[in-house]
Amino acid sequence: MTTISTYIDSIEDIEISLKNGATHLMLQDPSISIQSRQVSDETTPLSFLKDALTYLDKIEYKGPLSIVADMMIHAHHVPILEALLILMSSYKQKITLRVQDPGMIELVNRHFPSINCHLVSETGNANNEGLESYQRMGFSGFTLSNELKQ
């Protein structure tokens, strides 16, 4: 079966994507994703993710789920990221975390080592040694463009 992955940052996106055959939903909350088209509400971080997971429960979605945390992490983000990891670990279905900042793996490994964490290509990896290093750090997947040479 072909996997059709798509970025999601609204309930309407979920409905449209599933109607059009998407099989892998990558959720983007504006409090942790720079790609989200929504405006971050600093008073209620992760509110879209909570609403989306509730909606996905309601419609009994069983396909692959990812959460995109593609921002570069600063110390003031740690409480939001810890709340994200708690949300992910308490959800009934396995969710993969897609990150741009390789430092995120330390937070994941320290608190929730069972969460799959994928490193996305924007990290600028340019060699196999870098990939091997990230794998030793604990990343379970990588998304690359064409940085690697033969």
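Which handedness does the crossing of α3 and α4 have? In this predicted model, the crossing of these two helices is right-handed. The overall architecture comes before the details of that pair.

The protein chain contains five helices and six strands. Read from the N terminus, its elements follow the order β-α-β-α-β-α-β-α-β-α-β. The radius of gyration is 15 Å, close to the 15 Å that the globule rule gives for 150 residues, so the protein chain is as compact as a globular protein of that length. Taken along the principal axes, a box of roughly 45 × 40 × 25 Å holds the C-alpha atoms of the protein chain. Among the 150 residues, 46% count as buried. Of the contacts in the protein chain with a separation of 6 or more, 52% are between residues 24 or more positions apart.

Now back to the helix pair. Helix α3 spans residues 78–90 and helix α4 spans residues 104–111; the two pack at an angle of about 50°, and their axes lie 11 Å apart. On the α3 side, the contact is made by Val78, Leu81, Glu82 and Leu85, while α4 contributes Met104, Leu107, Val108 and His111. By residue class, the contact of α3 with α4 divides into six nonpolar residues, one polar and one charged.

How values were computed
Residues numbered from 1 in each chain as written. Predicted model: local features only at pLDDT ≥ 70, side-chain atom pairs only at ≥ 80, totals over all residues. Heavy atoms only, no water. Axes fitted to C-alpha atoms, helices over the stretch in contact; angles between N-to-C directions. Helix = DSSP H or I, 4+ residues; strand = E, 2+ residues; numbered from the N terminus. Left-handed = near helix turned anticlockwise from the far one by under 90°. Contact = heavy atoms within 4.5 Å. Nonpolar A, V, L, I, M, F, W, Y, C, P; charged D, E, K, R; others polar. Rg over C-alpha atoms; globule rule 2.2 N^0.38 Å. Buried < 20%, exposed > 50% of the residue type's maximum accessible area, 1.4 Å probe, protein only.
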